[in-house]
Amino acid sequence: MNSYSSQVRTKMMGKYSKLGTPGKWYLGEAPANPQPGVAPLVFIHGINSSSYTWWEDNDMYEMARENGYETAFIDVSPVKDMWDNGLLLATIIPDLYEHFGERLTVIAHSKGGIDTQAALLHYGALPYVHEIITLSSPHHGSQLANLAYSSWASWLADIIGSKNDATFSLQTGYMSYYRSQTDSLPTIDHVPTFTFGGTGWGAFGTSLFWGGLYLRSFGANDGVVTVESSRLPYATEIRVDDWNHYEIKRGSSTFPYLQDYLSEGGRIPITQAANVASHPPQAYHPSYHQGGVYRGSIVEIFEVEEEVKEVIVDWVSNQQDPLLTLFHPDGSKDYQMITTADSEIFEGAYHHTFTLVSPEKGSWKLQSTSAYERYLLSVAYESPINEELEVIVDADLNLLFQTKGSYLIWNNQRKLTADIRLAFIRKGERQSKTNSWKNINQTIFTKIPKYGEGIYNITIDVHGKTVNNDAFNRTIILSVYVDREGNIYQ
């Protein structure tokens, strides 16, 4: 054991920090009846977390030890990208290999799976690991990270610290670039990879429910990560079940299924899982967003068109108790809301949620009063027009707008407008560029200017009329990464 590892190695049941110390690793207690011929289990946490997550309100460590597995837990940075955390892991994994004297099985939750891949495939830790199991890892990014960098959410994300290197790297455009740099490596299939995905959102009003509601337009999800994003085309998917993003890392949820895959030398029961290809889903657009900062009081207006079955209004704020009043189109007031704290991408914010069943059509108003507040208004619609709009980004950064034309007015009536805002972001350097286009025809190319290498976060606010002349509004958020050669990833 080298001097570095002897300094950072700590008994798990001894001195440790709930907040985590990046670079430290912890050994679990030796199992009473160790299983012969199985690899030690190394657990790696995700964003806004630490090793604490594997044993606090979680029976994963207990179940592993009771079933005879040696265990270890690594703290990585909760706010760094996969490159920094991958490099950190690549210095620790060889120490664990030396300690146990054999190759390791890595079980990683959420972004920990991406960090692990970086360590193995980009920083030389591959010889020390014989298999990877990822639990709802956003291998293709998370649209919630796109939202955090959008024009409307940036006000809030800045002050609560959500705009960090970890969130930056999880934008779908950047993760498309990362996949191109990783999946093409000749060593990609040298270590078997297995995945889990979840489809549960948790209780109404929680941050996972809100995340699930936002992500539903991109497919089945666990409140943070879509099932499609949890998959890799060369990996074996063990199971997708009704777990939310927290439940999927609990031993009682997934250990009985992953246990069959824990063996030395990769002896895998191939009859229990199959390779699953990953295909980007065709997104529809059920939400409208506004956001900003104010002192005193502010009123936001959103439209509800005909045939809307349900609307969920979520006021995401840096304040736990702003005075919120929802005004119906007829002027009546509504104060019935649920308030919960966020613990994922928007950790440090609070959700104040109203649910409107079969709401009357017209203009609704939400008033907030606070001494100082940064906020994001998210309005999610269950409506037939959600799938009407399509926006495509081509190879020259042109935006193409299209519609099915069943519920929306286009062509010569020119009752559809769009405000388009572009945020161009480099890691560690943010430049905000804003453009606005009006009176969109049925098909239009809108040129997005190129500013070089970085992420282009495009926020599109669409306002228009339905065929019944009712006003509607939706927001579309796109993430595109342009590399130094000018190649586009989305």
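**A lysine and other local features**

Tutor: Lys163 is buried, with a relative accessible area of 15%; buried means under 20%, exposed over 50% and partly exposed in between, with a 1.4 Å probe and protein chains only. This is a predicted model, in which local features need pLDDT of at least 70 and side-chain atom pairs count only at pLDDT 80 or more, while totals for chains, interfaces and linings use all residues. Residues are numbered from 1 along each chain as its sequence is written, and side-chain values use heavy atoms, with hydrogens and water left out.

Lys163 lies in the loop between helix H6 (154-160) and helix H7 (165-169). Helices (H or I, at least four residues) and strands (E, at least two) are DSSP runs numbered from the N terminus. The Lys163 side chain makes a polar contact with the side chain of Ser154, at 3.3 Å. A polar contact is a pair of N or O atoms within 3.5 Å; within protein, one must be able to donate a hydrogen and the other to accept it, and residues adjacent in sequence count only if both atoms are side-chain atoms.

Helix H9 (residues 207-215) is mostly covered, with 9 of its 9 residues buried. Among them are Phe209, Trp210 and Tyr214. Phe209 has a relative accessible area of 17%, and Trp201 is partly exposed at 22%.

The structure holds 28 aromatic pairs. The ring centres of Trp201 and Phe209 are 5.5 Å apart and their planes are at 75°, so this pair is edge-to-face. Rings of Phe, Tyr and Trp (its six-membered ring) pair if their centres lie within 6.5 Å; planes under 30 degrees apart are stacked, over 60 edge-to-face and the rest tilted. One aromatic cluster is formed by Tyr26, Phe43, Tyr52, Trp54, Trp55, Tyr61 and Phe73.

Strand S18 (residues 398-403) is also mostly covered, with 5 of its 6 residues buried. Strand S17 (residues 389-393) pairs with S18 in the antiparallel sense over 5 bridges; two strands pair if DSSP finds at least two bridges between them. Val391 has Phe401 in S18 as its bridge partner. The two strands S17 and S18 form a hairpin with 4 residues between them, and Leu397 in the turn has a positive phi of about 60°.
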